[in-house]
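Biologist: Please put the model up, and then I will ask about its residues one at a time.

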Amino acid sequence: TLAQKAKVNIQTIRYYERIKLLVPKLRKDQKQTRYYNDESLSALNFIKQAQEMGFQLEEIKDLLKLRGAGPG
């Protein structure tokens with residue numbers, strides 16, 4: 001549902017996870033089920049807006065850290 005709400009492809013979300021740009025909040029089982037909340041949607045929207053402004057993904061990762069919503 002996160003992909004639908006943010007109007008992105010699910011592969012986009014998976015890619016952002018692989019590069020540690022977006023981190024699921026919970027994984028409840030061994031099937032790698034991902035759970036997202038409103039903060040995840042906000043971060044994904046921020047990523048999209050930053051890309052539209054010309055920022056690269058590494059720069060966006062730094063911006064998310066400054067924003068307080070990024071990984072690590």
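Biologist: Is Y16 buried or exposed?

Modeller: This is a predicted model in which local features need pLDDT of at least 70, side-chain atom pairs count only at pLDDT 80 or more, and totals for chains, interfaces and linings use all residues. Residues are numbered from 1 along each chain as its sequence is written, and side-chain values use heavy atoms, with hydrogens and water left out. Buried means under 20% relative accessible area, exposed over 50% and partly exposed in between, with a 1.4 Å probe and protein chains only. Y16 has a relative accessible area of 5%, so Y16 is buried.

Biologist: How is the pair of rings of Y15 and Y16 classed?

Modeller: Rings of Phe, Tyr and Trp (its six-membered ring) pair if their centres lie within 6.5 Å; planes under 30 degrees apart count as stacked, over 60 as edge-to-face and the rest as tilted. The structure holds one aromatic pair. The ring centres of Y15 and Y16 are 6.2 Å apart and the planes stand at 50°, so the pair is tilted.

Biologist: Which residues does K61 touch, leaving out those up to four places away in sequence?

Modeller: K61 is buried, at 14% relative accessible area. Contact means heavy atoms within 4.5 Å. With that exclusion, K61 touches I19, K20 and L21.

Biologist: What is the mean pLDDT of the protein chain?

Modeller: pLDDT is the predictor's confidence in each residue, from 0 to 100. In the protein chain, 85% of residues reach 70 or more, and the mean is 86.
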